[in-house]
Amino acid sequence: MLSQKILLVLVIISFIAFLGVLVWRIVYTSKNKGDEKSLNALTKAMALSSYTPFGLMIFWTAAASFIFKDGTVFTMNNIGTFTMILIGIQSAIELFAGYYYTKAAKN
């Protein structure tokens, strides 16, 4: 039961991070329409976050034998939950990278 609560919290955090990225992109691009440095910072943040799924898949493949017991069945619900958490992690990394690159672009 505890693992279900942890998964629920992770999915909710992932959803909030995803919505945060969407709102940040909308506000940031509308604010800095003609500024090439600002849009370059946004592109760098998106590029950095695009490496996240590949890195997490490598980690997942290596750690899966230690995490799961024999006879574990993957259902569509489990894969969907994992995908939502993966997108949330990618969104959080994009938010942090975007914050860093936008501060670096202003200096």
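The legends below walk through a predicted model of one chain, first as a whole and then in close-up views.

Local features are described only where pLDDT is at least 70, and side-chain atom pairs only at pLDDT 80 or more, whereas totals for chains, interfaces and linings use all residues. Residues are numbered from 1 along each chain as its sequence is written, and side-chain values use heavy atoms, leaving out hydrogens and water.

**View 1**
Reading along the sequence gives the pattern α-α-α-α. Helices here are DSSP runs of H or I with at least four residues, strands are runs of E with at least two, and both are numbered from the N terminus. The chain has 107 residues, and 21% of them count as buried. Buried means under 20% relative accessible area, exposed means over 50%, and partly exposed lies in between, with a 1.4 Å probe and protein chains only. The accessible surface comes to about 8000 Å², with 71% belonging to carbon and sulfur atoms. Such areas come from the Shrake-Rupley method with a 1.4 Å probe; for residues, only the protein chains shown count as cover. Now look at the contacts, meaning heavy atoms within 4.5 Å. Among those between residues at least 6 apart in sequence, 76% join residues at least 24 apart.

**View 1. Helix α2 meets helix α4.**
Two packed helices are described by the angle between their axes and the distance between the axes. Here the axes of α2 (residues 36–49) and α4 come within 8 Å and cross at roughly 150 degrees. The axes are lines fitted to C-alpha atoms, for helices over the stretch in contact, and angles run from 0 to 180 degrees between N-to-C directions. The two helices are therefore roughly antiparallel, a term for angles over 145 degrees; under 35 counts as roughly parallel, 65 to 115 as roughly perpendicular and the rest as oblique. From α2, the residues taking part include Lys37, Ala41, Lys44 and Ala45. On the α4 side, Ile93, Ala97, Tyr101 and Ala105 are among them. The residues of this contact divide into eight nonpolar, four polar and three charged. In this grouping, Ala, Val, Leu, Ile, Met, Phe, Trp, Tyr, Cys and Pro are nonpolar, Asp, Glu, Lys and Arg are charged, and the others, Gly among them, are polar.

Tyr101 is partly exposed, at 23% relative accessible area. Thr43 is 58 residues away from Tyr101 along the chain, yet their C-alpha atoms are separated by 9.5 Å.

**View 2. Ala105 is another residue of helix α4.**
Ala105 is partly exposed, with a relative accessible area of 23%. Not counting residues up to four places away in sequence, Ala105 touches Lys37 and Ala41. Between Ala105 and Asn40 there are 65 residues of sequence separation, while C-alpha to C-alpha they are 8.5 Å apart.

**View 3. Thr81 is a buried residue of helix α4.**
Helix α4 spans residues 76–106. Thr81 counts as buried because its relative accessibility is 14%. Beyond its neighbours within four places in sequence, Thr81 is in contact with Leu7 and Val11. The C-alpha atoms of Thr81 and Leu8 are separated by 9.0 Å, although these residues are 73 apart along the chain.

**View 4. Leu56 sits in helix α3 (residues 52–67).**
Leu56 is partly exposed, with a relative accessible area of 24%. Apart from neighbours within four places in sequence, its contacts are Leu86 and Ile89. Leu56 and Ile89 are 33 residues apart in sequence and 9.3 Å apart in space, C-alpha to C-alpha.
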